[in-house]
Amino acid sequence: MAKEEPLQFEGLVVEILPDARYRVVLDNGHALICYTAGRMKKNRIKTLAGDRVTIEVSPYDLEKGRLIFRHKDDRAGSVSRPAHRSQFRWR
């Protein structure tokens, strides 16, 4: 028997829950509990409330999902960052 393909949806993170989980509301209004995919943990991608994300959902359990991608927003580039200081001193 072939394995079912996961479904992909886009949504908005509305709440950060304990244990590295998130409450995500999909574009159709359905709310899910999601966890971060291992690839996102490995690359240290931080997810905050208000971020647009793509999630993967198993067709067998439509109440839980896995965050697989965090979309970049327009305001991220407009935030001014402090000047970067070198960590080492040259003599």
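The entries below cover the sheet, its pairings, the turns and a few loop residues.

**Entry 1: the model**

I noted at the start that this is a predicted model.

**Entry 2: the overall sheet**

How many strands does the closed barrel have, and in what order do they run? I find 5 strands, in the order β1-β2-β3-β5-β4, with mixed pairing. I then looked up the angle between neighbouring strands of this sheet, and the average is 50 degrees, direction ignored.

**Entry 3: β1 with β2**

I started with β1 (7–17) and β2 (21–26). The two strands pair in the antiparallel sense, and I see 6 bridges. I looked for a partner of Val 13 and found Val 24 in β2. β1 and β2 form a hairpin, with 3 residues between the strands. Asp 19 sits in that turn and has a positive phi of about 70 degrees.

**Entry 4: β2 with β3**

I moved on to β3, residues 31–36. β2 and β3 pair in the antiparallel sense, over 5 bridges. I checked two bridges here. Arg 23 has Ile 33 of β3 as its bridge partner, and Val 24 stands opposite Leu 32 in β3. So far I have Val 24 with a partner in Val 13 and another in Leu 32. The hairpin of β2 and β3 has 4 residues between the strands. Gly 29 in this hairpin takes a positive phi near 100 degrees.

Which residues of β2 are on the covered face, and which on the uncovered one? I list Tyr 22, Val 24 and Leu 26 as covered. Arg 21, Arg 23 and Val 25 make up the uncovered face.

**Entry 5: β3 with β5**

Do β3 and β5 run parallel or antiparallel, I asked; which is it? They run parallel, and 4 bridges join them. β5 spans residues 61–70. Ile 33 stands opposite Lys 64 in β5. I had already recorded Ile 33 as the bridge partner of Arg 23.

**Entry 6: β4 with β5**

I looked up β4 (52–58) next. β4 and β5 pair in the antiparallel sense, with 5 bridges. Ile 55 has Leu 67 of β5 as its bridge partner. The hairpin of β4 and β5 has 2 residues between the strands.

**Entry 7: positive phi outside glycine**

I checked Asp 19 again, in the loop between β1 and β2. Its phi is near 70 degrees, a positive value in a residue other than glycine. Is Asp 19 buried or exposed? Asp 19 counts as exposed because its relative accessibility is 66%.

Arg 44 also went on my list. Its phi is near 55 degrees, positive in a residue other than glycine. I place Arg 44 in the loop between α1 (38–42) and β4. Arg 44 has 71% relative accessibility, so I count this residue as exposed.

**Entry 8: Thr 47**

I returned to the loop between α1 and β4, where Thr 47 lies. Why does Thr 47 count as buried? Its relative accessibility is 5%, and the cut-off for buried is under 20%. Which residues is Thr 47 in contact with, leaving aside neighbours within four places in sequence? I list Val 13, Ile 16, Tyr 22, Met 40, Val 53, Leu 67 and Arg 70.

Conventions: Residues are numbered from 1 along each chain as its sequence is written. This is a predicted model: local features need pLDDT of at least 70, side-chain atom pairs count only at pLDDT 80 or more; totals for chains, interfaces and linings use all residues. Side-chain values use heavy atoms; hydrogens and water are left out. Buried means under 20% relative accessible area, exposed over 50%, partly exposed in between (1.4 Å probe, protein chains only). Two strands pair if DSSP finds at least two bridges between them. Axes are lines fitted to C-alpha atoms, for helices over the stretch in contact, and angles run from 0 to 180 degrees between N-to-C directions. Contact means heavy atoms within 4.5 Å.
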